[in-house]
Amino acid sequence: MMKRPRIFLTGANGQAGFEIWQALAPLADISAFKGPHDRVAAIPAETLDLCDAAALEQAIRQVKPDLIINPAAYTAVDKAESEQDKAFLVNATAPGVIGRVAREVGAAVVHFSTDYVYSGEGTSPYHEDERIAPINVYGQSKWQGESNLMASGAASITLRTSWVYGVYGHNFVKTMLKLGRERETLKIVNDQHGAPTSARTLANFVQHLVQLGRTHGFPATFSVHQGVYHLTDRGCTHWQAFATEIFRIARSYGVDLAVKEVDGCPSSDYPTPAKRPRNSRLSLTRIEESFGFQPPRWQDALAAMMAPLLGL
Ligand SMILES: NC(=O)c1ccc[n+]([C@@H]2O[C@H](COP(=O)([O-])OP(=O)(O)OC[C@H]3O[C@@H](n4cnc5c(N)ncnc54)[C@H](OP(=O)(O)O)[C@@H]3O)[C@@H](O)[C@H]2O)c1
């Protein structure tokens with residue numbers, strides 16, 4: 001078995017990046033990089049702007065990693081409609097650069113993508129090979145990123161996930177906990193369906209990949225499993241029911257909330273610059289069959305994350 005693999009981690013300041021760092025720190029030597037935005041870093045990380053392709057290439061060559069993990073992304077879905085160039089540099093160009101340099105230095109790549117690559121039509125879960133038809137700029141940029149990585153020829157695994165929340169960063173759970181303390185009545189969208197996903201589930205799977213890589217070698221493991229996989233927590237809900245579950249679990253921890261009613265409404269009640277898919281259900285069959293990895297029920301993953309989210 002390989003001793004401690006060298007890992008190049010982007011987006012270490014983000015929801016997934018933070019959890020991945022936590023999960024891998026005992027197993028690997030991690031060179032962690034955070035984005036250029038002026039935020040206090042949750043973990044020791046150097047600044048690296050993924051819009052700067054030359055700096056990205058130089059940083060990877062310096063680290064000479066066994067594995068590059070790329071959860072960094074331009075994730076401001078509405079802002080992407082007016083900042084298309086920036087969204088494409090981070091979400092599309094950078095994964096292509098990562099892939100090319102990874103192939104040259106012999107590193108494998110774990111990349112993250114999104115349910116937003118699909119159109120969101122229908123009601124059944126999407127399979128990985130279904131038609132790609134993003135309905136907003138963010139989704140288009142993420143799809144281009146997947147394609148650029150794939151075209152680079154690097155040994156890579158891309159994980160399409162949905163509705164991510166974690167302890168570190170902004171997310172729906174934190175917004176609901178804040179609103180639930182302030183307001184008695186809330187009106188939440190109930191016509192978009194998908195699976196909330198704990199950043200910890202993403203980190204647990206990446207840890208599983210690192211264990212496989214240590215045992216069988218990184219390029220070998222990633223060449224065998226090369227491709228795109230869905231990875232979300234198990235089950236399906238809509239935002240109104242997700243909010244209701246957040247409040248139920250928070251109360252079970254003794255949190256005093258003002259909220260009494262959580263009403264449902266259509267997405268059209270909250271117009272946004274970017275369209276959202278109605279159906280974000282993602283089939284988990286491929287990841288379960290290929291890796292024997294069983295994500296937890298979304299309610300259980302949420303309950304497990306609630307204490308740290310509440311700062312308990
Ligand atoms: N959040 C979701 O609901 C969701 C849903 C589906 C798929 N995904 C995908 O899952 C992955 C992880 O998402 P997440 O929720 O962890 O994202 P996140 O919390 O928004 O974190 C994104 C990270 O990317 C970094 N970043 C942004 N622009 C950068 C740049 N120019 N150079 C370097 N770093 C930059 C940010 O750095 P700063 O600290 O400087 O801002 C941040 O650390 C992403 O690929 C995302 O597209 C997320």
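**Charged pairs, aromatic rings and a cavity**

Arginine 278 is partly exposed, its relative accessible area being 44%; buried means under 20% relative accessible area, exposed over 50%, and partly exposed in between, with a 1.4 Å probe and protein chains only. The model is predicted, so local features need pLDDT of at least 70 and side-chain atom pairs count only at pLDDT 80 or more, while totals for chains, interfaces and linings use all residues. Residues are numbered from 1 along each chain as its sequence is written, and side-chain values use heavy atoms, with hydrogens and water left out.

The side chain of arginine 278 meets that of aspartate 191 in a salt bridge (3.6 Å, N to O), a term for a side-chain nitrogen of Lys or Arg within 4 Å of a carboxyl oxygen of Asp or Glu. Arginine 278 lies in the loop between strand E13 (261–265) and helix H9 (285–291), and aspartate 191 in the loop between strand E8 (185–189) and strand E9 (193–194), so the pair ties together parts that are 87 residues apart in sequence. Helices (H or I, at least four residues) and strands (E, at least two) are DSSP runs, numbered from the N terminus. Aspartate 191 counts as buried, at 16% relative accessibility.

In total, the structure holds 17 salt bridges. Another of them joins arginine 61 to glutamate 57 (3.0 Å, N to O); these two are four residues apart in helix H2 (residues 53–63), and therefore separated by about one helical turn.

Turning to the rings, the whole structure contains 14 aromatic pairs. Rings of Phe, Tyr and Trp (its six-membered ring) pair if their centres lie within 6.5 Å; planes under 30 degrees apart count as stacked, over 60 as edge-to-face and the rest as tilted. Phenylalanine 172 and phenylalanine 242 form a stacked pair, 5.1 Å centre to centre with 25° between the planes. Because phenylalanine 172 lies in helix H5 (residues 172–182) and phenylalanine 242 in helix H8 (residues 239–252), the pair ties together parts that are 70 residues apart in sequence.

What lines the largest cavity? Its lining consists of Glu146, Leu149, Met150, Ser156, Thr158, Gly227 and Val228. Helix H4 (137–152), strand E6 (156–161) and strand E11 (227–230) each give two or more residues to this lining. A cavity is a set of points on a 1 Å grid over the protein atoms alone where a 1.4 Å probe fits but cannot get out, and lining residues have an atom within 4 Å of a point.

Key: On a 1 Å grid over the protein atoms alone, a cavity is a set of points where a 1.4 Å probe fits but cannot get out, and a pocket is an open set with protein on both sides within 12 Å along at least five of seven lines; lining residues have an atom within 4 Å of a point.
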